[in-house]
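Subject: Structure handover and notes

Dear colleague,

Here is the structure that I promised to pass on, with my notes on it below.

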Amino acid sequence: MTDTATFLNELTSLLGERGLLREPDDMARYMSDWAGDTLGMPLAVARPANTAEVAEIAKRCYEHGIAMTPQGGHSGLVAGALPAANGQELVISLERLNNVRAIDPINFTITVDAGCILENVKLAAFDHDCDFPLSLGAQGSCQIGGNIATNAGGLNVLRYGMMRELVLGLEVVLPDGRTWESLNALHKDNRGYDLQQLFLGSEGTLGIVTGAVLKLSPRPTQNRTALLGLPSVQAVIDLYGLARRECCDLLTAFELIPRRCIELAIEATPELRDPLDSAYPWYVLMEVAATGPVDLSALLEALLETGMERELVLDGALAGSDTQSAQLWQFRESMLEGQRRRGEHLRTDISVPISAIPDFVSRASEVVMAASPECDIIAYGHVGDGNLHFNILPPAAMADSDKKAHLHDLEERLFEVLDGVHGSISAEHGIGRTKQAPYLARLSPIEREMVSGVKALFDPKGLMNPGRILPAGE
C-alpha cells in the first residue's frame with residue numbers, strides 16, 4: 001500500500017466515510033467558487049467536525065508531507081481556496097464547524113466556530129439585540145473563517161472597519177497540528193506582539209482558523225436608505241464629503257454605481273424596475289442607521305436638500321420601509337449576477353485615496369478604451385473606503401479563445417494607472433493565485449524578505465495552502 005493510500009485510510013478511520021470524500025462526484029462542489037472558476041482535482045476532501053479533528057488532520061498531513069487547502073464557503077474570487085490541478089492537495093472544509101459557542105451581550109462579543117455562515121452569526125447576534133456589522137453580498141454562504149482569512153470588507157467598512165477590526169480573539173490550528181488558543185474577549189489587550197493579526201488576511205497560508213471571538217455592536221433600531229442620481233463621479237465624491245460631515249458616524253454605506261450596473265441588475269432580475277423617472281450617469285446607494293431617538297429621516301432629507309442646492313444630486317428615491325430598502329439594495333446585489341452572466345470578464349478589487357477616485361476613474365477609462373474601444377467598463381464600489389471594482393467586459397464579438405490574454409493586457413494597463421495614484425491591487429478579495437504576479441512585482445525587496453520570513457516561521461515545510469500569496473516552495 002502506498003504512503004498516500006495509508007494516509008487516506010488513516011483519515012477515513014478518523015473521520016468516517018462521510019467525513020472524508022474521495023469520489024470525484026462527491027468532491028465536485030469543492031472544486032469551484034461563486035464565479036464558476038474551477039481548478040484541479042483534490043487528493044480528497046476532509047470534513048472535520050471539531051477543532052480536535054482539524055488538528056489531527058493537520059498533524060498527519062505534516063507527518064506525511066501532504067499539502068493542505070483550507071476551504072470555507074466557496075465565495076472567494078482569487079482562487080485562494082480552490083485545490084490545485086496536480087491532485088496532491090487535501091481540501092479541508094470547515095463547513096461542519098458551525099456552532100455559535102457563546103454570546104455576551106454585555107461585553108458585546110460572540111464566540112463562533114470558523115465554519116459558521118456569516119448570515120447565521122448576524123441572526124444570532126440579532127436575537128440578543130446586537131449586530132455583527134460585516135455585510136457582504138455572499139453572507140448567505142461565506143463562512144467566518146474565510147472572512148477572517150481574507151480580512152473581508154464589504155458594505156459597512158466606512159463605519160465599522162474591515163474584519164481585522166471586528167476580531168478580538170482566535171483559535172488556530174498550525175501547520176504541524178498544534179492548536180493556538182487565544183479566544184480572548186478583551187476589548188483592550190496590549191501584551192506585546194499581536195499575533196492574531198498575522199492570521200487576518202493570511203488566506204490560510206499560516207494556519208487554519210477554527211474559532212473566533214467577534215466584536216458586536218448595538219443593534220440599530222432604525223435605518224434609512226436612499227438611491228440617488230448624480231451627474232458625475234466628482235459629484236459623488238463631493239456628496240460623500242458632505243454626507244460624512246453631516247451624518248458623521250451614522251453613515252453606514254455609500255456605494256458608487258454607474259448606469260450600466262443598473263441595467264445589468266434589471267437584466268438579471270426582471271422584476272426590478274428603473275428606480276428613478278430618468279436615467280443618470282451615476283448613482284449613489286447610501287444608508288444611515290442609528291440606535292435611539294435620532295430623526296434619521298430629517299437628517300437624510302436635509303442632506304439631500306443641500307445636495308440638490310449644490311447641483312450634486314439630480315433626483316432620488318428614499319425608502320419608506322424595510323421592504324423598500326431591500327428593493328433598493330437588490331440593485332446592488334443583482335448587478336453582480338448580471339456581470340457573471342456575461343461570461344469571462346476582468347474582475348478587479350482595487351483601492352485608491354477617496355479624493356483621487358474621480359481622476360482615477362477618468363484616466364483608467366481613457367487608457368482602457370484606447371486599448372479596447374468595444375469593451376464595456378463597469379466601475380463601482382465602496383466610496384467610503386476607496387474600494388473600487390473596476391471591471392471590464394470584453395468586446396461581445398471577441399472569440400472566447402482571445403479573451404483571457406486581452407483582459408490580462410487591460411489589467412496590466414489598469415494597474416499602471418493605479419500605481420500612479422499609489423493605490424492597491426487588492427482592497428478586500430486578497431491575493432490567492434490570480435493576483436500573485438502583480439502582487440510580487442510590487443513588493444520591495446525588504447517586504448519580500450519579511451513576508452517570506454513569516455511564512456517560513458509558521459510553515460517551514462510549505463504545506464499550508466502552497467502557491468497562494470507566495471510561490472510554492474518559498
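Two strands are said to pair if DSSP finds at least two bridges between them, and the strands (E, at least two residues) and helices (H or I, at least four residues) are themselves DSSP runs, numbered from the N terminus. This is a predicted model, in which local features need pLDDT of at least 70 and side-chain atom pairs count only at pLDDT 80 or more, while totals for chains, interfaces and linings use all residues. Residues are numbered from 1 along each chain as its sequence is written, and side-chain values use heavy atoms, with hydrogens and water left out.

On that basis, strand β8 (residues 167–173) pairs with β9 in the antiparallel sense over four bridges, and E171 stands opposite E181 in β9. Both strands belong to an open sheet of five, ordered β5-β6-β10-β8-β9 with antiparallel pairing. Because β5 (100–104) and β9 (179–182) are at the edges with a single partner strand each, one side of each is left without a neighbour in the sheet.

A further open sheet has four strands in the order β1-β2-β4-β3, and here the pairing is mixed. Its edges are β1 (20–21) and β3 (67–71), each of which has a single partner strand, so one side of each lacks a neighbour in the sheet. Within this sheet, β2 (residues 44–46) and β4 (residues 89–93) run parallel and are joined by three bridges, with A44 opposite L90 in β4.

As for charges, a salt bridge is a side-chain nitrogen of Lys or Arg within 4 Å of a carboxyl oxygen of Asp or Glu, and by this rule there are 29 salt bridges. In one of them the side chains of R29 and E95 meet at 2.5 Å, N to O. This pair links distant parts of the chain, 66 residues apart, with R29 in the loop between α2 (24–27) and β2 and E95 in the loop between β4 and β5.
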